[in-house]
Amino acid sequence: MERKSLAFSVFVHLAALLLAAVILAPLVWLFVMSISPAADLSAKPLRWWPQSADFSRYQLLLSTVANSAGAAFTASLRNSLAVASMATVAAIALAIPAGWAVSRAPALNWSLSLVIATYMLPPVALAVPLYMGLSYLGLLNNVFGLALVYLTILAPFTTWLMKSGFDTIPREIEAAAMIDGASLWQTLRILTLPLAAPVVATSALFAFLLAWDEFFYALLFTSDQRAKTLTVAIADLAGGRVSDYGLIATAGVLAALPPVLIGFLMQRALISGLTSGGVKG
Amino acid sequence: MSNSITRALIGAALLSASFAHHAFAETTLNALFMAQAAYSEADVRAMTDAFTKANPDIKVNLEFVPYEGLHDKTVLAQGSGGGYDVVLFDVIWPAEYASNNVLVDISSRVTDEMKKGVLPGAWTTVQYDGKYYGMPWILDTKYLFYNKEILEKAGITAPPKTWDELAEQAKVIKDKGLLQTPIAWSWAQAEAAICDYTTLVSAYGGEFLKDGKPAFQSDGGLDALNYMVTSYKSGLTNPNSKEFLEEDVRKVFENGEAAFALNWTYMYNLANSGKDSKVTGKVGVVPAPGVAGKSEVSAVNGSMGLGVTSVSKHPDEAWKYIVHMTSQDTQNQYAKLSLPIWASSYEDPAVTQGQEELIGAAKLGLAAMYPRPTTPKYQELSTALQQAIQEALLGQASPEEALQSAAENSGL
Amino acid sequence: MSGTWMTTRAWLLMAPLLAVMIAVIGWPLVDTVALSFTDAKLVGTGGNFVGLENYTKMLSSGNFQRTLVTTAWFAIISVAAEMVLGVLAALLLNQEFRGRTVLRALMILPWALPTVVNATLWRLIYNPEYGALNAALTQIGLLDSYRSWLGEPGSALTALIVADCWKNFPLVALIALAALQAVPREITSASLVDGAGPISRFRFVILPYLAGPLMVALVLRTIEAFKVFDIIWVMTRGGPANSTRTLSILVYQEAFSFQRAGSGASLALIVTLLVTVLAVAYAALVRKTAGSAA
């Protein structure tokens with residue numbers, strides 16, 4: 001390691017502090033807003049730190065008393081969880097066989113390219129027929145319908161991740177097992193899948209985060225507590241008659257908590273997923 | 001052995017079928033409301049609780065969206081088999097909803113008692129082509145609110161009677177250094193801006209449409225926009241008004257940072273006695289002013305109604321719920337944020353007590369309510385006008401040019 | 001194992017994915033194309049065939065042209081800023097300093113924050129009366145009076161771009177950092193011995209390693225930025241005076257608010273075509289960069 005001058009070292013530390021401040025300031029402020037009394041948030045000059053922490057908004061939003069604002073919020077929390085989980089499971093179930101097939105049979109590469117190319121499609125290009133189709137099937141305002149639609153986003157992405165994952169598992173191992181008399185299904189189940197488990201986990205995490213984040217389709221295809229997801233609930237809260245900015249911030253904190261925790265705890269897996277495609281070009 | 005299992009299964013099936021039958025007897029209604037102005041979410045939930053208590057076989061799921069989402073949500077839910085049964089609709093939508101078969105015609109359900117008891121102005125909210133598409137529920141217009149303390153400090157004895165007086169008084173307040181920008185409006189690119197504009201159009205005696213063609217680009221329609229632009233450029237209007245909705249106006253007014261504000265009924269009690277307000281007891285309310293020689297007062301019809309959707313599978317229960325929500329009893333009980341549609345309520349001390357000033361303003365304002373244009377293409381017209389208002393305020397176009405291009409883009 | 005046997009098997013395994021993709025993407029896309037030649041409404045009976053009328057009307061409308069410029073501006077500026085900031089942050093994170101691991105861990109937070117929450121958060125920060133930005137800038141003396149960040153056409157789009165960048169530059173940084181760590185130490189030391197300055201070292205020694213991954217990030221981010229909807233919907237809904245209205249918002253308005261499914265579909269396809277052209281051009285560039293970097 002080459003020696004760096006003191007000035008350079010000071011510069012690096014200052015830059016690091018600046019970067020940390022840029023990243024953290026908005027996030028910390030979101031949390032501070034959520035525990036500040038309403039009066040503090042409309043004070044001039046603005047009060048940056050609450051005199052007393054007020055966690056009542058969390059209680060309000062998480063209450064499950066029937067016919068209350070909290071019940072509406074928790075319902076959307078449940079819907080988000082249900083839709084994201086179902087869509088993730090379905091996307092992974094489709095992606096594992098497809099990813100393996102493309103990895104092992106290069107003749108299929110073009111079909112995967114086609115699937116991945118659908119990423120370019122803006123959701124608005126599919127929204128009208130999807131709306132009409134869901135309406136025909138009676139799946140509007142329905143968590144299953146929304147999960148199905150989310151496959152348009154999740155499936156191409158997970159397949160691509162799975163394919164790059166399977167590419168790293170030498171096919172010689174599989175060939176050897178099959179020569180020993182194992183069927184294709186056995187080989188996949190006993191040998192390949194366990195080896196690919198980390199990639200499956202990474203893909204599932206990504207799929208879940210993508211589904212949790214989705215807003216456009218949820219806005220169009222859900223209308224009430226039976227299917228409305230968290231992102232739509234927050235947009236409604238921010239756009240409507242909530243003069244207490246702290247409440248909006250609280251909803252934001254609650255919605256951000258699951259993905260932020262996943263991001264923080266699983267970052268090694270996520271970063272390897274993010275970069276595997278990128279680094280290989 | 002297998003026989004007994006079969007029997008047990010049949011028994012279980014019958015048992016569950018009887019439970020299921022019981023469950024089916026319960027009707028679930030889905031209702032769409034807005035979380036903005038007028039009745040609060042808590043009020044609507046409480047009114048609904050009273051209904052379900054009286055009708056234990058009916059369950060009502062409530063959905064609240066911002067006003068901005070109300071129209072699109074209603075329209076989009078039409079495609080879903082289990083959409084809303086009851087929807088809140090703005091006075092401007094019956095034309096479109098009737099032509100697109102969103103709401104059912106309930107003319108035959110409206111009783112003579114209702115026809116006699118409800119204020120005639122309220123009925124215009126739900127009528128199109130001579131038919132009734134729901135019951136009026138929120139009877140509302142924009143009033144001029146003022147901060148008594150600030151006016152007093154400025155030596156102003158009476159609130160303005162004309163829009164010119166408003167500008168003069170605001171100038172006095174500004175010149176005395178009491179407030180930098182004394183007037184707050186809701187001029188964000190949204191329907192709220194159209195409501196403020198319509199109030200001024202009514203003051204200047206303008207017209208939106210003449211024989212189905214745009215007429216707002218001249219005369220009163222142009223005068224109205226000119227007034228807004230002048231007020232904005234002179235610094236009498238809070239410049240942030242151009243991104244305000246009603247709730248932002250309320251917040252600024254409640255913080256004592258506006259001497260005058262145009263807003264709906266609901267602001268009166270929230271600002272004058274609400275727990276977050278810093279101006280409690282200092283709030284004055286009068287009808288929006290007029291223009292010398294043209295009008296005494298001005299007002300926009302901002303009323304809203306409750307209707308039954310054409311996709312509802314339970315129109316009878318839905319109507320029952322609407323009757324409850326719009327009944328005089330319910331409305332008198334929750335008359336703090338929205339005033340009743342019933343004429344006799346205004347003589348009822350239980351309603352008027354503690355808000356005599358508001359009732360006084362309402363008597364004049366509600367009588368002067370001016371409609372926004374009735375056309376199935378209202379959404380497009382409104383979108384074009386919102387753009388025109390903002391372009392004129394921001395100085396991107398003169399009021400004449402802006403309204404001219406709005407007329408061309410209105411789809412009419 | 002025999003090639004055709006393998007391929008047949010592979011196709012069978014691929015089939016479920018393809019079936020679902022045809023159902024949820026293929027069919028809707030075809031239907032959108034069909035709709036775009038009609039005057040269909042969103043709800044109700046199908047429309048009449050109107051030929052290319054929707055397309056000619058849309059392409060010639062001033063609204064479309066203005067919106068296209070707004071979208072392109074948003075995409076170019078935000079993606080460029082994300083790239084530059086991302087690479088700078090990656091270079092920093094590649095240095096040795098105390099707390100490096102923690103800082104790297106923090107970088108994932110903005111990316112994990114849901115887009116709608118991010119938009120809501122920044123809307124509160126930009127609030128003209130009670131926002132943190134106005135408060136902070138006036139309290140440290142950089143601003144003498146509060147400003148309407150999202151209310152002025154001059155600053156609204158920039159404010160949106162800042163909010164978008166804050167969420168997305170950490171992602172670019174993480175991708176770039178992974179690439180940087182793949183640069184062999186000997187190469188950087190060797191160039192030091194050769195006396196290369198920091199800038200030429202970056203240009204000729206490090207950049208080639210970054211080019212491939214960065215191009216991929218660039219393509220993905222550009223496509224995303226072109227399709228942008230959520231952040232704008234929550235923060236400005238296209239205002240003030242339509243200065244932040246992007247193509248996706250315009251399609252939403254046409255197809256859903258005005259319920260003109262036909263012309264909405266034509267507009268959506270025009271957007272799709274633009275994104276496709278962009279992506280193909282980029283793909284060619286990626287191939288070229290990859291070739292020269294290797």
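UniProt positions are given here in the numbering of the model, feature names are shortened, and annotations may be inferred rather than shown by experiment. The structure is a predicted model, in which local features need pLDDT of at least 70 and side-chain atom pairs count only at pLDDT 80 or more, whereas totals for chains, interfaces and linings use all residues. Residues are numbered from 1 along each chain as its sequence is written, and chains are lettered from A and ligands numbered from 1 in the order in which they are written.

For chain C, an unreviewed UniProt entry lists residues 12–30, 72–93, 204–223 and 265–285 under "transmembrane region". With helices (H or I, at least four residues) and strands (E, at least two) taken as DSSP runs numbered from the N terminus, residues 72–93 of chain C are 100% helix and 0% strand, with end C-alpha atoms 31 Å apart. Residues 265–285 of chain C are likewise 100% helix and 0% strand, and their end C-alpha atoms lie 30 Å apart.

Chain B contains 18 helices and 14 strands, and its C-alpha atoms fill a box of roughly 95 × 45 × 40 Å along the principal axes. Of the 412 residues in chain B, 56% are buried, a residue being buried if 20 or more other C-beta atoms, placed from the backbone, lie within 10 Å of its own.

Where chains B and C meet, 21 residues of chain B and 17 residues of chain C take part in the contact, two residues being in contact if their C-beta atoms, placed from the backbone, lie within 7 Å.

Definitions and conventions:
A residue is buried if 20 or more other C-beta atoms lie within 10 Å of its own, exposed if 12 or fewer, and partly exposed in between; C-beta atoms are placed from the backbone.
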